[in-house]
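Have the structure open while you read.

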Amino acid sequence: MSDTKNGDRNHRNHESGEPRRGIPFRETVIGLLSAAVFVSLFYLWGEEIFPRSAGRLGGIFPFVGAVALTLAVTLFLSEWFGFAGREVRKVRLAARDFLFLCSLSLILLFLAKGVVEVLPSVPLWNRTVPARLYVYLIPLPAFAMIVRVLLNSEVAILFTVAASVLSAAAAGGRWPALLFLLLSGTAGAARSGRIQDRYRMLLVGIMTAPICALGAIALELAFHGTAGIWWAGLFAGINVLAAGPITLAILPLAEYAFGYASDIRLMELASTGHPLLKRLMLEAPGTFHHSVIVGTLAEAGASAIHANPLLCRVAALFHDVGKVSKPQYFSENQAGSENVHDVLSPGMSRVVILSHVKEGLRLAKEYRLGDGIAEIIAQHHGTSYLYYFLDKAQAEIQERRATEETFRYPGPRPRTREGAIIMLADSVEAAARSLKDPSQAELDEMVMRIVNRAYLDGQLNECDMTLRDLHAVSQAFMRILSAVLHARVDYPESGKGPPA
Ligand SMILES: [Fe+2]
Ligand SMILES: [Fe+2]
């Protein structure tokens, strides 16, 4: 999800080319299977642990209590996340996000029950440690960190509250359990934003452990006296220290199953050793160079408005990857050779140019780049005109053999600020390339013209960019272009020494 308007995506009708519409088939199947698993777990475990008051109906259909409990918990979660999704700008949840959060909450509920019911029966421990202290081992910090890393801080806070309530209820509904779960979840999630390597993820546990251990000791002291405070502190510390490794173990599974890309994954994708980037570098070097400059521009633009700079840089590297199959049809790869479009009709050129978006989406799926990057590939031209070929086709348009609208990309338009930044950076880079030795004033004027054109054409109507954001992004583009285009100093010829 990250900072996207995914909720809108599921309900509105958009132009063709949209990656998601309604509740996709994959999510429906995963949802039904998950519900069946949780009903079974409630049924198998419910006899002893959860109240089952299905009455006479239980005799006819033994699963009725488990179905009812699954329904009640799912209703609570859907109202909780649904309300926040409608009212909080950064909590727009797509079907897969909702499914992911519900699954994590329910898994944690059963883990909480397992920790509290099963661990005290292990013969090695049960003589010395009071059973109530095992609540400090409920692995909520790891789950909250996963949500923070894959979604965002607002969703992580909501998840921590909902999962804490459910887990504390499953663990006997004691106050210390609820307070500790809220403390450990928020402490872990708060420290795990923008983590780009595995080492820092382990460090989060080390930084958070003393706080949670202290919290557990204080809670134990307040509610039960001094008897078990050291065990409480030890369990809480171990729990939070283990959160880093648990998060690292679960992240790849969650990324694979739900199509997310954490910052760690984005860093891996940004490596020039990635096979798709290598292909782009060798088969379409002009496009690769263009993508690197777009990435630099987009990263600066995103930093200026507190969007996601890493996602911008990495998505920009892949935004035109669909050009690898026909690189010679794109101007950046034509240096020195003749323009193949000279011998093609504007209509034919249009088909080839439009195909790079579709091909990019195909490659994104093949190389598992994640939904975030795939959506930016789909949206990076929005529904803008192919201006060059539109001009070329004026004769056909006047003779009514073609219309202006056929020379538009199919969309969708950018839905996120990151998508919008990449669209603007892409156009700005292409225009800057066509300028010969531009002055700073010419560069500034060109950036303003391109941003205004996108705005007036309605390309930014579906994302959360404000006019203030647009101004900040334009300023960042101007700064970077000026540095890139004016930084080349003429070297003196060899042996003649520095210029006077
Ligand atoms: Fe493109
Ligand atoms: Fe591009």
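Predicted model: local features only at pLDDT ≥ 70, side-chain atom pairs only at ≥ 80, totals over all residues.

## Where α13 meets α21

Helices α13 and α21 cross in the right-handed sense. Helix α13 covers residues 285–304 and helix α21 covers residues 467–486, and their axes come within 8 Å while crossing at roughly 140°.

Who does the touching? On the α13 side, the contact is made by I293, T296, L297, A300, G301 and A304. On the α21 side, the partners are A472, V473, Q475, A476, F477, R479, I480 and V484. Sorted by class, this contact of α13 with α21 has 10 nonpolar residues, 3 polar ones and 1 charged one.

## The chain as a whole

Stepping back, the protein chain has 21 helices and 0 strands. Of its 500 residues, 44% are buried. If you take the contacts with a separation of 6 or more, 75% of them come from residues 24 or more positions apart.

On confidence, the chain averages a pLDDT of 84, and 87% of the residues score at least 70. Among the elements, the lowest mean pLDDT, 36, belongs to helix α1 (residues 6–11), and the highest, 96, to helix α14 (residues 309–318). The pLDDT is below 50 over residues 1–21, yet this stretch has 52 contacts in the model beyond near neighbours in sequence.

## α6 and its two partners

Now to helix α6. Spanning residues 140–150, α6 packs with helix α10 (residues 229–258) at an angle of about 45°, and the two axes are 8 Å apart. The pair is therefore oblique, and α6 passes α10 in a right-handed crossing. From α6, the contact takes in P141, A142, M145, I146, V149 and L150; from α10, it takes in N239, V240, A243, I246, T247, I250, L251 and A254. By class that splits into 12 nonpolar and 2 polar residues, with no charged ones.

The other partner is helix α8 (residues 175–190): the axes of α6 and α8 come within 8 Å and cross at roughly 40°. That makes α6 oblique to α8, and here too α6 goes past in a right-handed crossing. In this contact L140, P141, A144, M145, V147 and R148 of α6 meet L181, S184, G185, G188 and A189 of α8. The residues of the contact of α6 with α8 come out as 7 nonpolar, 3 polar and 1 charged. P141 and M145 are listed in the contact with α10 and again in the one with α8.

Is L363 buried or exposed? Its place is in helix α15 (residues 346–366). L363 has 20 other C-beta atoms within 10 Å, so it counts as buried. Leaving out residues up to four places away in sequence, L363 touches L276, V321 and G322. L363 and V324 sit 39 residues apart in sequence, with their C-alpha atoms 9.9 Å apart in space.

L178 belongs to helix α8. L178 counts as partly exposed because it has 18 C-beta neighbours inside 10 Å, while being buried takes 20 or more. Setting aside residues up to four places away in sequence, L178 touches S164, V165 and A168. From L178 to A163 is 15 residues in sequence and 9.8 Å in space, C-alpha to C-alpha.

## Two arginines with positive phi

Which loop holds R194? R194 is in the loop between α8 and α9 (198–224). Although not a glycine, R194 has a positive phi of about 50°. R194 has 11 C-beta neighbours inside 10 Å, so it counts as exposed.

R368 lies in the loop between α15 and α16 (371–379). R368 is not a glycine either, but has a positive phi of about 50°. With 14 other C-beta atoms within 10 Å, R368 is partly exposed.

Technical notes. Residues numbered from 1 in each chain as written. Chains lettered and ligands numbered in written order. Axes fitted to C-alpha atoms, helices over the stretch in contact; angles between N-to-C directions. Helix = DSSP H or I, 4+ residues; strand = E, 2+ residues; numbered from the N terminus. Parallel < 35°, antiparallel > 145°, perpendicular 65-115°, else oblique. Left-handed = near helix turned anticlockwise from the far one by under 90°. Contact = placed C-beta atoms within 7 Å. Nonpolar A, V, L, I, M, F, W, Y, C, P; charged D, E, K, R; others polar. pLDDT = per-residue confidence, 0-100. Buried ≥ 20, exposed ≤ 12 C-beta atoms within 10 Å, placed from the backbone.
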